[in-house]
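Here's a quick tour of one model, taken piece by piece. Have the structure open as you read.

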Amino acid sequence: MMHQQRSETRLSPSSDTEDIVAILAPRLAYFAGVARTEHVTRAAHEMQVPQSTLSRAMVRLEQDLGVDLFARSGRTVSLTPAGRTFLASVERALAEIERAADEVRADADPATGKVAFGFLHTMGSETVPGLIRAFRADHPRVRFSLVQNYGEAMIEGLRSGELDLCLTSPVPDAPDLVARRLDEQKLRLVVPADHRLASRRRIRLAEAADETFVTLEPGYGLRRITDDLCQQAGFRPRVAFEGEEAETLRGLVAAGLGVALLPPPAVPRPGVVELTVTAPRAAREIGVAWLDGHPDTPPVAAFKKFLLSKRGTLLPE
């Protein structure tokens, strides 16, 4: 049987999806309630809306779709074939909305919510696990979504909403961000164990001007710091290999493929010697950043407060 087509003004097939959603969405829950009870008065009572409001909403819904969804007999209604088809999709959509609402409420729960936290790869083996362990001593059920990445990618993660907070270096300076310095980490010149400088304990960076360097790729904060320190020492580093992770660079140094400016390792690595750089002062600032004006959920606010309390004691001795 063909569905009766209404003559009233309705959405055209070419209407934008956004227009259709804006018009139909407020009426979908009403439609599902009437379809479930097959009685307008009963549905109005269950949903605690005036019966006249519900009746008008159903008429407008049918007008907008251009299709009869109900066969009416007084206050009693029954679904047409088109109504049954529409109901199946509406129930799936409403269930997905309810699931999404439950998820965001759960993420914001003070006791069991979620924190999306980004950090540098060099912070992942020791610093971040220790921070989370200490935080969860007082917040044992808070969940974390952890993202390891380089600084610029994490800043984009803050702006896109993927991250709530990030631990990064250098400490960013941007008008849409709030950043707080937490600690400082000394950098060392890492050389192969059989290198001509391996017997030294301290070195001026200018003494390595003729060396081949292995570094992180452009865009990484540590690469920018390396380039800046070498410039201060009066030379431009001759880069032979570029990587994405500090421990990979240490492996390249151990293999005799160059030297590198790196933060201390979590565990000493055989095959390399780490020299203190006396000039210029070789260190990087570690800070926490978040999007300015972005409202915090209770678990994010609690973790932010915890991180800020670690100023000066963030990194292990």
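## Helix 3

This is a predicted model. Helix 3 covers residues 51-65, and at 1.5 Å a residue its 15 residues should span 21 Å; the end C-alpha atoms are 21 Å apart, so the two agree.

Several residues of helix 3 are buried: Leu-54, Ala-57, Met-58 and Leu-61, along with Glu-62, Gln-63 and Asp-64.

## Helix 5 against helix 9

Now for a helix pair. Helix 5 (residues 127-136) and helix 9 (residues 298-308) have axes that come within 11 Å and cross at roughly 115 degrees. The crossing is right-handed.

On the helix 5 side, the contact uses Leu-131, Ala-134 and Phe-135, while helix 9 brings Pro-299, Ala-302, Phe-303, Phe-306 and Leu-307. Sorted by class, that's 8 nonpolar residues, with no polar and no charged ones.

## The cores

The largest nonpolar core has 35 residues, and those touching the most other members are Phe-117, Met-123, Phe-144, Leu-165, Leu-167, Phe-303 and Leu-307. Elements that each supply at least two residues include strand 3 (114-119), strand 4 (143-148), helix 6 (151-160), helix 5 and helix 9. Strand 13 gives the largest share, 5 residues.

What does Phe-303 contact, leaving aside its neighbours within four places in sequence? Its partners are Val-115, Phe-117, Phe-135, Phe-144 and Leu-165. Apart from this core lies another, of 30 residues, including Leu-205, Ala-208, Val-259 and Leu-275.

Terms used:
Residues are numbered from 1 along each chain as its sequence is written. This is a predicted model: local features need pLDDT of at least 70, side-chain atom pairs count only at pLDDT 80 or more; totals for chains, interfaces and linings use all residues. Side-chain values use heavy atoms; hydrogens and water are left out. Axes are lines fitted to C-alpha atoms, for helices over the stretch in contact, and angles run from 0 to 180 degrees between N-to-C directions. Helices (H or I, at least four residues) and strands (E, at least two) are DSSP runs, numbered from the N terminus. A crossing is left-handed if the near helix is turned anticlockwise from the far one by less than a right angle, and right-handed if clockwise. Contact means heavy atoms within 4.5 Å. Ala, Val, Leu, Ile, Met, Phe, Trp, Tyr, Cys and Pro count as nonpolar, Asp, Glu, Lys and Arg as charged, and the others, Gly among them, as polar. A nonpolar core is a set of buried Ala, Val, Leu, Ile, Met, Phe, Trp, Tyr and Cys residues joined through side-chain atoms within 4.5 Å. Buried means under 20% relative accessible area, exposed over 50%, partly exposed in between (1.4 Å probe, protein chains only). The expected span of a helix is 1.5 Å times one less than its number of residues.
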